[in-house]
Amino acid sequence: MGYRHRTLFLLFVMAGMVAAAWGEAAAADTRPPSIKLSVKYDLDSGILHGILVGFAPKGVKTSLLVPKGLKVWGIESGGKALSLAELSKRTQEGKGARFSLNFSLRVGVKQRQFALSWSWCPTWSVPAVYSLSVAVPKGFTAISEADTIEKKTNDSTTTYRFQFRYPRRRPSLVVGKYTLTQESRKGISIEVYLLDPDPGLSKTYLQKAAHYIDLYSKLLGPYPYRRFAVVENGRPTGYGFATYTLLGRNVIRLPFIPDTSLPHEIVHSWFGNGVKVANGASNWCEGLTTYLSDYLLREREGKGTDQRHSMLLKLNSYAPKKGMSLARFWNQPSKRWRAVGYEKGAMFFHLLRREVGDDQFWKGLRLFFKRHRYKEVRWKEIRLAMEEVSGDNLSGLFKQWLATWQLPEIEIEKAVAREAAKGFQVCLTVVQGGDNPFTMNLPVTLNGANGESLDVSFPVSKPREERCFAATFKPLAVVLDPGFDTIRRLDPKEAPATVSSLLGADPPLYSAPIPLPEKVSGLIQGLGFKKASPPSSNRGALLLVSPELEPLLSDAREKGISIPSKWIAEHRLGIVKERGASLHLFRNRGRGMVVGLLLYREERDAEALLNKLPHYGKYQAIEVDKGIVVTKNRPGYSAGIERKVEEGFKVKGIKASALDTLDEIVASVSNKRVVFVGERHDDYATHLAQLEVIRALRDTGAKLAVGMEMFQRPFQEVIDDFMAGKISKKEFLKRTEYFKRWGYDFRLYEPIIDFCKANGIPIIALNLKAEISKKVARHGLDALSDEERAIIPKELDMENEEYREMLKQIFYQHPPKGPVDFDNFYSAQLLWDETMADSIATFLSGHPGTIMVVLAGSGHVAYGYGIPSRVKRRGHDYAILLCDTEGGVSSDRADYFLFPEQARPPFTAKLGVYLDEFQGRLQVKEVMEGSPAYKGGVKPGDIILTFSSHKGEPVEIKDITDLKLELFFVRPDDVITLTVKRPLKFRPDQVLELRIGPFGPAIPHSPHKARSSTHGRSGKSK
């Protein structure tokens, strides 16, 4: 009889003895489902032979699961042969069964080591008690879940019997030639199984395992088993089983693993293996384990804030798609799902701990473990335990954070401090983005001017709400969630560009100006990158790859990417050129898309860098030389979102005698190259004040030019023709498309333009073509074509946070029409500022000695944020004069404030109608009672066809700009003729000529509403 036949004979005899013994013990059918396994590994054939004796009690519906690739035969029950289908039917119907069967699995010939971690033997479909006996060739060791292990050795075989009495889904089995080191600590056997002897490594793991078991026993309750083993695996794994962890041989020797992966797997002894996740339920244990190991240990080192930031950064980088919630997480391998299950899960337990308090949190975990030890549970059982110890109803907290897939977008829109009887009252306006606001406790820190600080938290639950609290010191700034204690969307300053933010884009894009080697491009695409040119979104991520510097720079310029000058200088000077491959990441223009620059000299180093990339998610710069990472840099970040605290409403005064005359003000600013006179667009007195500034500067003998926000650069030639007397004012207004592109009453600006024309002072169009700014406002900078990019400034400074916050307030107070989000609005606004600054600097560089008076909205010039700082960057000094005092009269807002007398606006003819566009024409929607149109017989529904004055031919009216142009030249006593088409029911439409006028000053009209100085739009009330 050969060796193989002897083995089978012994197994069958053993099975018969076991089946008989079980038949006596289980006569009452009161036990849970169980399986007893007796297996032997045949080294020469590479086959694992097994006998299974199973028991399914009556009333328990279960089925026998047979893994793919497993051979099963000889099924017997009560001395009768059964088919697998017959057995399954019996157990699925709950009729009970006692049976035995044979199975075999090929694991490989002469394997030194193998691990069967999941499906290697028949198992029940419900938790069951498994006992395992394993016979292996002498010199080999068998490892499985066990509280105690019996070992017997004969001449050729060692048999291990693993005693483990707790229900589980399946057993695991590891076989190999191991060196065992072990010791007992407080009644627990701690063991290290290594494939190659390494006393130092064994000692480290023995000490660390003992340390962490002791630590978590104090926090969570007694360690649930009698042994814990660290087992080396020939394949790359990081698994945690009851009583042991299986670590790949390349992992187990990494110096950080004993303080990272090891404690994580030890915590699984309590949660995951001790208390199990219910089959088919969402996986609560990975988030809890991550919090109790990866996070808690960093917290105990004083690095909790940094670790929470790291978790939120990963969650933000791989921000989940719709439906990717904690409630739906099982154990999906993708980085997006892991960010949900591990990082968001851990942050949820941090929120829970803050909600119930530290003592109650640990008490609740101990109660949860004690009550559900060796059972399968869901999130509900955690909630009930925490509610019991805290006395709080936590259903809302659990429901919100488990069910939702979004991240809260929350910020402090405004912070105001007012003096109170005892210190200050600070009021914050908190806003939340998204469709459904979150209910949460929001932590904030108030900082004082002398280093004082105050930490507070308050509940928020609405899209916009005000929260107030008292402070004993004068506040300087308030910081939202500086400790990263809340699950939320991070601000770009908190979330600098890192590898994870590059890989986490959906999808990340890449561009290569020079064709890449096949293996390099394959690795890039294997990381999820899609080739794209140009990128479609300024919030995505783009990797620029090149073996040469200049083509990479050229590719960046074509795509509107502003590469940091320091990086360019370093590479051009050769500071880093000796490195084989380098990756540097940054956000384009401060807040836009994540951009990666991968420059390589050697193809193998590019391959090495790309292969390592997924493991370097938190880094911003990586350099590889000869396949080895030689440099890795983590970026700095802002802790929380800071906002300056404004002073509450206050009244200041100045003696009338202290007010300077305009001549004194002009004399003090006449040495500047640029004089900004900020305006409120619809205030006539402001424009008269601007005219007086121009007149006073002219009287000093200065050579002047006037730059105007109101005109766009493509129309400079038309302006020059008008100023030279080559075209009429009507032609000037028509060809500059003034009424379409600006919209505010031209009568307000007419005295300034007439004065400049009469005195030979050139008018300079400063503004960007409206089509470009609107495109950016709706779709972002990356939507621009190459032709459009060619006519805009190359540099866009986005670093002024104060200006950003000021514009954000304007944006939310006066939201623009259409699908515009703030980031795109902000880009459009800065592009507007940069273009006007560029126009000013370009003119001045060609006209030495000329002073330019710039007329622009106060929002573009106040505090020097908008146009002035960009003019200064281009080498010109300036002064700021403001007529608009609505934003206050603080010394940092302007150099001078002008207080012109009130002035009645000049006459402008108005029909007194509200209009809609209809089939390429204007249709009357409403007629104001008593207006010229009302008196002339205009009725709602009339469609305006032509307009003619008493001196002119009829002019076809197609849109509102045509009508505005004609009305501009109508005087108070004029009578005009409107040709209208009047639709009639059941009769042909009528065409009527209606005489309308005069338009004297008694015409009723609704005055224009004051608009933000950063917006201009056409009205349709005429």
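Me: Why is the disulfide of Cys427 and Cys468 called right-handed?

Reply: In this predicted model, the torsion about the S-S bond of Cys427 and Cys468 is about 110 degrees, so the disulfide is right-handed.

Me: How do you know that Cys427 and Cys468 form a disulfide?

Reply: The criterion is a pair of cysteine sulfur atoms within 2.5 Å. The sulfur atoms of Cys427 and Cys468 are 2.1 Å apart, and the pair forms a disulfide. The structure holds 1 disulfide. In general terms, such a link is a covalent bond between the sulfur atoms of two cysteines.

Me: What makes this pair a link between distant parts of the chain?

Reply: Cys427 lies in strand 22 (residues 423-432) and Cys468 in strand 25, and the two cysteines are 41 residues apart.

Me: Is Cys427 buried or exposed, and how do you know?

Reply: Buried means under 20% relative accessible area. Cys427 has 6% relative accessibility and therefore counts as buried.

Me: Why is Cys468 described with another term, and what is its relative accessible area?

Reply: The term partly exposed covers values between the 20% limit for buried and the 50% limit for exposed. Cys468 has a relative accessible area of 38%, so Cys468 is partly exposed.

Me: What makes strand 25 and strand 35 the edge strands of their sheet?

Reply: The open sheet has 4 strands in the order 25-22-21-35, with mixed pairing. Strand 25 (464-471) and strand 35 (646-647) each pair on one side only, and they are the edge strands.

Me: How do you know that strand 21 and strand 35 pair, and in which sense?

Reply: Pairing requires at least two bridges. Strand 21 (residues 410-420) and strand 35 have 2 bridges in the parallel sense. Within this pairing, Ala417 has Glu647 of strand 35 as its bridge partner.

Me: Why is Ile654 called exposed?

Reply: Exposed means over 50% relative accessible area. Ile654 has 60%, and is therefore exposed. Ile654 is located in the loop between strand 35 and helix 17 (662-669).

Notes:
Residues numbered from 1 in each chain as written. Predicted model: local features only at pLDDT ≥ 70, side-chain atom pairs only at ≥ 80, totals over all residues. Heavy atoms only, no water. Buried < 20%, exposed > 50% of the residue type's maximum accessible area, 1.4 Å probe, protein only.
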